[in-house]
Amino acid sequence: MFLYYVDLAWRSIRKTPFLSLLMVLAISIGIGITITTLNVYKMMSFNPAGERSTQIHSVQLWSQGPDSWDEFDVNRTYQDVINLRSANLAQRQAAAFRTGMALQSDDESIAPVLQSIRVTDSDFFGIFSVPFLYGSAWEASVDTEPAYQVVIGEKLNRTFFKGENSVGRTVYLNRKPYQVVGVIKEWNPQPKYYDPTNGAFNDAEEIFVPFSLTPIEEFEVWGNTNGWKFEPMLTYNDRLISEKAWIQYWVELQGKEQIDAYSDYLAGYVEQQQALGRFTDPKQPRDKQRLVDIAAWLAQNNVVAEDNKVLVGLSVLFLSVCLVNILGLLLTKFLKRAPEVGVRRAIGASRAQIFAQYMVEVGSIGLLGGVLGLLWAVGALQILSARFDIADGLTRLDLSMWLITPMIAISTAVIAGLYPAWVVCRTKPSVYLKSQ
Amino acid sequence: MLSMRNISKVFKTDLVETHALRDFNLEVNEGEFVAVTGPSGSGKTTFLNIAGMLEGFTHGEYLLDGVDVSNLSDNKSAAVRNEKIGFIFQGFNLIPDLNLAENVEVPLRYRGIKAAERRRRVEQALEQVGLGARMKHLPTQLSGGQQQRVAIARALAGEPRFLLADEPTGNLDSLMARQVMELLEKINQAGTTIVMVTHDPELARRAQRNIQIVDGQVCDFAASGLGQQQGLRQDQELTPLADLAADFAAKAKASA
Amino acid sequence: MLHIKPILSSLLRSKSGPLLLLIQIILSVAIVANASFIIHERLALMSRDSGIAEEEILSFNVYNFDPSMDMAQQNKQDQQILRALPGVISASSTNMLPLSGGGWMDRLVDGPDVETAKSTPGFAFYLGNEQMVDTLGVKIVEGRNFFAEEIRSSPAESGILALVSKPLAQAFWGEESPVGKIMYQGTDQQVEIIGVIEQLQGAWVDHRNFEYSVIANVDWGGQGANSSYMVRAGAAALPGLKDSIIAALHRENPNRVIDNFKTIAEHRASSYRDHELMVTILSMMVVLLLLITSLGLAGMVMFNIERRTKQIGTRRALGARKRDIMSYFLVENYLICLAGGILGALLAVLLGQQLMKFYSLPKLELIYPLLTLAGLLLVTTMAVFFPARKAADISPALATRSV
């Protein structure tokens, strides 16, 4: 029976090519726009941490004085980071910030490249599930006893070491030798959830050096440095002892018990710092600390652009206009066919059968519109990414769209078709049987 | 075969209540060919719609083939229509996008009959009406008489026990009308019960029994011996001539 | 003669068709009004003048990785080299690039006492030498530029002078001239204001203090391994400038990475890219929406005319002129459009309020729904006109034919 309905639907679509084209176009344009914006939204709102999202926490402290910032900053001061690190109370913990240096190897024929670098602790790789190709992170002891060691990415390893196992070899950062201890596999989470502060869709760094080297090497800060009061910053040491926030601090905690325990510790830490004359804002110590898991962290950093939310909203409204448009056209078309329905009803078609027949027709239109709409969306994303230089991660069609698109298309059409099909299947057959 | 007892049908609008049928009684026996006549507005169409189960009624009882079909659900009445009743309309009512074979096939589709069996029956039905060679033609390529024969084939394909014809020759010239009438008679002789609504007294005379509907009631003056003249009032006995005149007047008004 | 009453009553009787059209128009007006408002907002943002010779300024980054290098000395030498290149008008080191999305934001206070001092709003804090004004192509409208001998190498040194942008001067000092005022950074670092720049934008195109800028007399290039420069050159010299800069600086010292070549116009383009994207998508939406609405309307009018062919024929037979028939359909359309437009405008305002509440969008101005309605009337008139003309051509003879 279904095939019969499909056959009838196809005949009906072909019989009124203009009207059918109009409907397919309307639905496809609505779908095209919705899928385009939805795809970007979905890419933006993706949480790369997956199920580990609730285990990874950004430690945030209200270190500012009164009448300054009115929200938690995403970064910590160096002194707080050093204190938290030495307490060493979480399952895993890592400080992190971004710097950059010129990279060279013993092979003089390869031109030096300026590389974005992450300065962090050995636990970073475990916390963010970074996969290793060769070797591993530096020993935990390096986090307290600084050593010139480095973890590099697969791509750099190909450029500088022809893809061989380079563990034990040497690279030069600003002409200083660092020993390679690990090579990580291609790793580029989108959004760049471990640090979205300088572009949530930038590529991941390919060089990682120990945080413990910071006071020795005085790594330039390539991320944000936020201050809430005037502090002269003439030397690197000024930076290290300042109240300026520029380091992200991560802890891994399993379950409510660990989280509560760590919160208690942080509240105690704040109290202790208050006694030392810091954390001067009149707020309860407990309210001056918080642990932010990855989902909340991505929201805090506005990874999903507001414009995109507006666009998704407007495109859903747009789709609803298309829906109403199709509803009108379908009603028009179906009512025109009421006499035929009368005959079919007289001959023994039940209301349900008529309804099914028309819903199949509507569904077919939806499907056609959906396929066309998906093509529009792919085209639009291509054009947008070429024209506006959007990160590839945002304009690649998400696999789920292959499922979502026909679903939205068919359900839009079906919603639009419900009323017309209901109207037409409710028509009294006798009215249309008399010849006019 | 068909038994209507004390059927009433009232149409209500905000302003008026119209009694389309009142205490309507009719028995049609298996294998009969009954012609129903009556002036415009007498309730012929209402009777036809009720007999064909296209409409419900207000009071009374309707037995089709011994089964009470008075208050069936939409699904069930559609199934009864599909299996037991064949329709022939004045306007043929073929579906213009479907070719002849596909048109004839429609009732079989809704009955869920397998493709091979469908084809056999369609061929047979079209053969029966003499259009076996034109299966792939579209209705618009046929003359009115041919279209009506297709409609008859469609009604026959479902092998109904009971055929309802509404002015089957109304849109045809006299030659074609005669052909269609002969076809109907042949079908009747093969055992199908036929009830035909018509204006044409000449056509009506060819039926075995004539029933006249006046003011929503049966006024049966054909010799049937079934004793159903009850409820017939003296003042309702119109002469056939007056009937025709009234009918003509009504028709003239309708097309104005 | 417009017979509104019979049209209206006929509309009210045929429920679903016009109702659907009404809903569609309501939604369209709400969307189009808000979309065009946002478009207009963004276009206004994008068309702001930066006050800078964007097309003529090439910016780039030098990363010196030789630890033995004397950075301050190298910086001075590099700028000499840059200024000597053919076609170069002027060059300056800088700590930040205008319209680039990244840079320094700072505040100054008007006294040494932290408790009583009043703070300026946040501003973009440029550090540059005496050539920066020329390099940027900005105009000093009051006071003077720095002299070469006044240039310092760090903002912490004494003798810091500043040029402020006029919008900042007006925001903080009002009509009073800021020239000669002494401002403070912290408690003891003094900054003397010596001039006012007509216009100079900062780095962040979406920041509310975008027009507030200060240039201080600091040659920042020698501060660390990483230095940024701006070079202003004539249009003819600009295309080959990148290669000649790399060649010249590498000849001087090969131990550096020289990259991130971008004109300020390119920085501007990438900073406004999201707005441009928004404008593009929203414009597409508006056009497509009007298209779909009008095509849908045309389809429905055509069907209505087909259905009412006999009625129209009868009207013609009874003496209706062609224009009576046309005006019937047009008036019918206008009635629906007006009703939809008014309700749509209300919805647009509501939607605008929601957008304002949840996202940082400004309040919708009423002119947008009104303009949308006007546009819609125009588009739908066209959509109705052609089918209606066809209807007017229906022969009166049709009335007598029983189809």
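Residues 314-429 of chain A are 88% helix and 0% strand, with end C-alpha atoms 42 Å apart; helices (H or I, at least four residues) and strands (E, at least two) are DSSP runs numbered from the N terminus. UniProt, in an unreviewed entry, labels this span "domain: ABC3 transporter permease C-terminal"; UniProt positions follow the numbering used here, feature names are shortened, and annotations may be inferred rather than shown by experiment. The model is predicted: local features need pLDDT of at least 70, side-chain atom pairs count only at pLDDT 80 or more, and totals for chains, interfaces and linings use all residues. Residues are numbered from 1 along each chain as its sequence is written, chains are lettered from A and ligands numbered from 1 in the order in which they are written, and side-chain values use heavy atoms, with hydrogens and water left out.

**Chain A: domains and backbone**

- The domain assignment of chain A, from an automatic or database source, gives domain 1 (2-47 + 305-435) and domain 2 (56-252).
- Taken over C-alpha atoms, the centres of domain 1 and domain 2 of chain A are separated by 50 Å.
- Another UniProt feature from an unreviewed entry, "domain: MacB-like periplasmic core", is placed at residues 20-264 of chain A.
- Residues 20-264 of chain A are 27% helix and 24% strand, and their end C-alpha atoms lie 65 Å apart.
- The peptide bond from A:Gln190 to A:Pro191 is cis, with omega near -5°, and A:Pro191 lies in the loop between β7 (176-184) and β8 (207-210) of chain A.
- A:Lys162 has a positive phi, near 55°, although the residue is not glycine; its place is the loop between α5 (154-161) and β6 (170-173) of chain A.
- A:Lys162 counts as exposed because its relative accessibility is 67%; the classes are buried under 20% relative accessible area, exposed over 50% and partly exposed in between (1.4 Å probe, protein chains only).
- For context, most residues other than glycine have a negative phi, and most peptide bonds are trans.

**Chain B: overall make-up**

- Chain B contains eight helices and 10 strands, and 54% of its 256 residues count as buried.
- Among contacts in chain B with a separation of 6 or more, 71% come from residues 24 or more positions apart; contact means heavy atoms within 4.5 Å.
- Chain B exposes about 11800 Å², of which carbon and sulfur atoms supply 50%; the areas come from the Shrake-Rupley method with a 1.4 Å probe, and for residues only the protein chains shown count as cover.
- B:Asp215, in the loop between β9 (209-214) and β10 (217-219) of chain B, has a positive phi near 50° and is partly exposed, with a relative accessible area of 44%.

**Chain C: annotated spans and selected residues**

- The UniProt annotation "transmembrane region", from an unreviewed entry, covers residues 20-39, 277-305, 325-351 and 366-386 of chain C.
- Residues 325-351 of chain C are 100% helix and 0% strand, with end C-alpha atoms 38 Å apart.
- Residues 366-386 of chain C are 95% helix and 0% strand, with end C-alpha atoms 32 Å apart.
- C:Leu373 belongs to helix α11 (residues 367-392) of chain C and counts as buried because its relative accessibility is 13%.
- Although C:Leu373 and C:Val29 are 344 residues apart along the chain, their C-alpha atoms are separated by 6.6 Å.
- Leaving aside neighbours within four places in sequence, C:Leu373 contacts C:Cys337, C:Leu338 and C:Gly341.
- C:Gln131 lies in the loop between β4 (123-128) and α4 (132-136) of chain C; its contacts beyond four places in sequence are C:Arg83, C:Ser90, C:Ala91 and C:Ser92.
- The side chains of C:Gln131 and C:Arg83 are joined by a polar contact of 3.3 Å, a term for a pair of N or O atoms within 3.5 Å; within protein, one must be able to donate a hydrogen and the other to accept it, and residues adjacent in sequence count only if both atoms are side-chain atoms.

**Chain pairs and nonpolar cores**

- Two pairs of chains touch, and the pair with the most contacts is A and C.
- Chains B and C do not touch, their nearest C-alpha atoms being 8 Å apart.
- The largest nonpolar core has 173 residues, and those with the most contacts inside it include A:Phe124, B:Met4 and C:Phe329; such a core is a set of buried Ala, Val, Leu, Ile, Met, Phe, Trp, Tyr and Cys residues joined through side-chain atoms within 4.5 Å.
- Domain 1 (2-47 + 305-435) and domain 2 (56-252) of chain A both give residues to this core, so it lies between them.
- A second, separate core of 51 residues includes A:Val81, A:Ile110, A:Tyr178 and A:Tyr269.
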